Structures are given as structure tokens and as C-alpha cells.
Amino acid sequence: MRHESTGPVTETNLKIMTKQEALLALANGKKVTHRTFTNDEYIYREGSELMCECGFLDEDEFWDIRDIPAFDVDWSIYNK
């Protein structure tokens with residue numbers, strides 16, 4: 001199920017993204033979160049590095065442990 005949005009992301013018009021859409025959002029400088037993350041968890045890019053709210057992430061390790069169907073969907077822009 002997809003929730004389309006035309007305005008700013010809010011609790012009521014949150015756009016749910018696929019992993020591929022989340023990767024594109026990361027490449028475009030957005031912070032993204034997943035439904036399994038806590039309210040304060042997100043990832044983002046700083047240059048070519050994958051980062052989280054607490055610092056640097058090993059990108060290969062991050063995606064390797066999330067290489068399951070549950071992480072193919074349910075991504076969204078982090079907006080806090």
C-alpha cells in the first residue's frame with residue numbers, strides 16, 4: 001500500500017517508499033527512516049559516507065544485515 005503526498009511530509013500524508021526510492025532519497029540528500037527504526041533513528045549521506053544519527057555506518061554491513069524482504073519496503077523521509 002502506498003501513500004502519495006503532494007505537500008510537506010507530515011504524520012497524515014507520509015509517503016511510504018521502497019528501498020530503491022529510499023536509496024534515491026539518500027542520494028538526493030534526504031534523511032530516511034524505516035518502520036522498524038525507533039522514532040529518533042534515521043540514515044543519511046555525508047558525501048559518499050552512509051551515516052546514522054549516531055555517526056558513521058559501514059554501508060556494506062548495514063545493507064547486508066537488511067537484505068531481507070521486510071527492508072524492501074516501508075521506508076520514509078525522516079522529518080523531525
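Helices and strands are taken here as DSSP runs, numbered from the N terminus.

**Figure 1. Overall view of the predicted model.** Read along the sequence, the chain runs in the order α-β-β-β-β-α-β, with 2 helices and 5 strands. Of its 80 residues, 29% are buried, and the accessible surface comes to about 5,500 Å², of which 50% belongs to carbon and sulfur atoms.

**Figure 2. Close-up of the salt bridge between aspartate 74 and arginine 35.** The closest N and O atoms of this pair are 2.6 Å apart. Because aspartate 74 lies in the loop between H2 and strand S5 (75–77) and arginine 35 in the loop between strand S1 (32–34) and strand S2 (43–46), the pair ties together parts that are 39 residues apart in sequence. Aspartate 74 is partly exposed at 24% relative accessibility, whereas arginine 35 is exposed at 54%.

**Figure 3. Close-up of the salt bridge between glutamate 59 and arginine 45.** Here the closest N and O atoms are 2.5 Å apart, and, since glutamate 59 belongs to helix H2 and arginine 45 to strand S2, the contact ties together parts that are 14 residues apart in sequence. Glutamate 59, at 27% relative accessibility, counts as partly exposed, as does arginine 45 at 26%.

**Figure 4. Close-up of a surface patch of negative charge.** The patch gathers Asp58, Asp60, Glu61, Asp64, Asp67 and Asp72. Among them, aspartate 60 is placed in helix H2 (residues 59–64) and counts as exposed, with a relative accessibility of 58%.

Technical notes. Residues numbered from 1 in each chain as written. Predicted model: local features only at pLDDT ≥ 70, side-chain atom pairs only at ≥ 80, totals over all residues. Heavy atoms only, no water. Patch = residues over 30% accessible without salt bridge, like charges linked within 9 Å, V, L, I, M, F, W, Y side chains within 5 Å. Areas by Shrake-Rupley, 256 points an atom, 1.4 Å probe, with all protein chains shown as cover. Salt bridge = Lys/Arg side-chain N within 4 Å of Asp/Glu carboxyl O. Lys, Arg positive; Asp, Glu negative; His and termini not counted. Charge placed at Lys NZ, Arg CZ, Asp CG, Glu CD. Helix = DSSP H or I, 4+ residues; strand = E, 2+ residues; numbered from the N terminus. Buried < 20%, exposed > 50% of the residue type's maximum accessible area, 1.4 Å probe, protein only.
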